[in-house]
Amino acid sequence: MPPTAPRPAEPGRRPLDQTGPAVDPTAPGPAAADLAHAAARAAVDRLAPPAPVRLGDVVPAPERVEPDPAADFTLPADAAVRVSPDPAARDVAEQLAALLRPATGYPLPVTDATPPAEGLTLQLSGTPGPVAAGAGPGPVAALGAEGYRLDVTPDAVRITAATPAGLLHGVQTLRQLLPPAIESPTPVAARWAVPGGVIVDRPRFAYRGAMLDVARHFFGVADVLRVIDHLARYKLNHLHLHLTDDQGWRIAVDGWPRLAAVGGATQVGGGPGGAYTRADYRRIVSYAARRHVTVVPEIDLPGHTNAALTAYPQLAPDGIAPPPYTGTEVGFSYLDPGDERTYAFVADVLGEVAALTPGPWLHIGGDEAFKVPADAYARFVARTQGIVAATGKTVVGWHQIAPAGHADGRVLQWWGTGGDDPVTAEAVRRGARVILSPGNRAYLDMKYAPDTPIGHDWAGLIDVERAYDWDPGTHLGGVPAEAVLGVEAPLWTESVTSLAEIEFMLLPRLPALAELGWSPRRTHDWASFRRRLAGHGPRWRTAGITFHPAPEIPWPTTVPTGLPGPRPAPQPTAPTADLP
Ligand code: TNX
């Protein structure tokens, strides 16, 4: 190990007093630096032994884990994060350093990856490093677009991947292998140990997501960014934003300014609502992109459009503006499918949203248009699929769009509660792919138990085991695993009003869905999952994240962790006017 002087703490950061005696970083000479380094190591050795995190204690479960108890690594105070000379890889290295600095108090400078590799190294592509016997994954390219390899030896932690996304997934794994105190926002005296061995890992499904309904209740940019952090932590790579519904239109559209200004001005229960400006939306998209999360915008059509009709009554079948809607019923509103102005509106809106969205998907909703006759509905969807194709995006819709003819690449999002749907199966035979969000497994707005203070129960109660114990590859008749693009956990927000409530419904079920999307089927094991998941309670608590302390999980402590106090479940509010 070359002599390196401990680096001074960053301005404003607590000094590294817990890791050893004060050292003058400007003191010259390798001898002084060596001594300082040894002293810092000795001080760390006097701290508590490593937390008992094992190499396999990762959610979602990795594809292959080969522990080597003789190879544990301890992060030294003077470690650097070394990274391949690629801007996107370097950005992942910056994110790793930013994740580790608050709790460790270490400076963790990011530098070019120059041999000999010690400390933390992120290596993009190239050939994998020396491979332990029997551990070779073949070329790094075999890890695919999102896989990674993690090698932990006494001197170094190395993450290798063919892409920056793979590196970031490796970073999330490394984070979970450090003691839970790594989540602390302020410095903690701890021995930052990582269990030795090799992990080789890649996802089962390409699409792993969550949906946030920002229409029923509006959530500001900061809340959405925090949800993106939760997704990235569990290697989910899509955030579906349900941007429009009866209760609110949440994205500014230049050509139709009243959508946000008028249509965005309320929410369930009658609060002020809100809408994202183009700059807000861009901020969400770019924050997500940095975390290798793709935003999927949904403009729900032709139903769920009361907010749009309050703003532009000429789109309503009777041409009359309905009053703003603050209740929780569904299925009463729709754009007039027989009026050409509807299609001009749809083309403008989808065109603008597509132009703001770097990802490949555009979600057109399509659910619960109960008032539109089936043939008119099918024609509307077919035409709208064409409008999406003209924007260059690939269309996604709730599985109700299945009867409208095939469109290249189209994706149906299954939210039913049964195991068979001939119409969806037929669409799949014609080439559609499916995202699985079964209402009775993946709907995170369902209550955990009868006494859950918020949420619905129309699709049943969903405790953590129920959220975990199904197989996306065999769930739906006529939809073979090859047709399954992936899984998504929707959070509808009729009864969810704050970030704490979002987190309470997401955690701990989101990691269950994440494991279904990422991990090979042969790793599926409830006993193992609940034990691994239990270790995340202290992490969330340390990070200040709210979660439901589900009784079926053996949390290591009994410290209360859920919502501040029970509140009565909101009753569906009465519509502000008679429904048509
Ligand atoms: C059904 S799922 C809906 C939503 C509701 C949700 C409540 C789907 C495509 N539509 O409009 O918010 O149930 O669970």
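The model is predicted, so local features are reported only at pLDDT of at least 70 and side-chain atom pairs only at pLDDT 80 or more, while totals for chains, interfaces and linings use all residues. Numbering starts from 1 along each chain as its sequence is written, and side-chain values use heavy atoms, with hydrogens and water left out.

To start with the ligand, 14 residues sit around it, and R216, Y443, D445, W458 and E494 come nearest; a residue is near if one of its heavy atoms lies within 4 Å. By type, this shell splits into 7 nonpolar, 2 polar and 5 charged residues. Here Ala, Val, Leu, Ile, Met, Phe, Trp, Tyr, Cys and Pro count as nonpolar, Asp, Glu, Lys and Arg as charged, and the others, Gly among them, as polar. An oxygen atom of the ligand is 2.8 Å from a polar side-chain atom of R216, and for W458 a polar side-chain atom lies 2.7 Å from a ligand oxygen atom. On the nitrogen side, a ligand nitrogen atom is 2.9 Å from an N or O atom in the side chain of D367. The protein covers 97% of the 360 Å² of accessible area that the ligand has on its own (Shrake-Rupley method, 1.4 Å probe).

Next comes E368, where an unreviewed UniProt entry places the feature "active site"; such annotations may be inferred rather than shown by experiment. E368 is found in the loop between β15 (361–365) and α9 (374–391), with helices (H or I, at least four residues) and strands (E, at least two) taken as DSSP runs numbered from the N terminus. With a relative accessible area of 15%, E368 is buried (buried is under 20%, exposed over 50%, partly exposed in between; 1.4 Å probe, protein chains only). Leaving aside residues up to four places away in sequence, E368 touches H304, V330, G331 and W415 (heavy atoms within 4.5 Å). The side chains of E368 and H304 are joined by a polar contact of 2.8 Å (a pair of N or O atoms within 3.5 Å, one able to donate a hydrogen and the other to accept it).

H304 is placed in the loop between β14 and α7 and is buried, at 2% relative accessible area. P302 is in the loop between β14 (294–301) and α7 (306–311), and a cis peptide bond with omega of about -10° joins L301 and P302.
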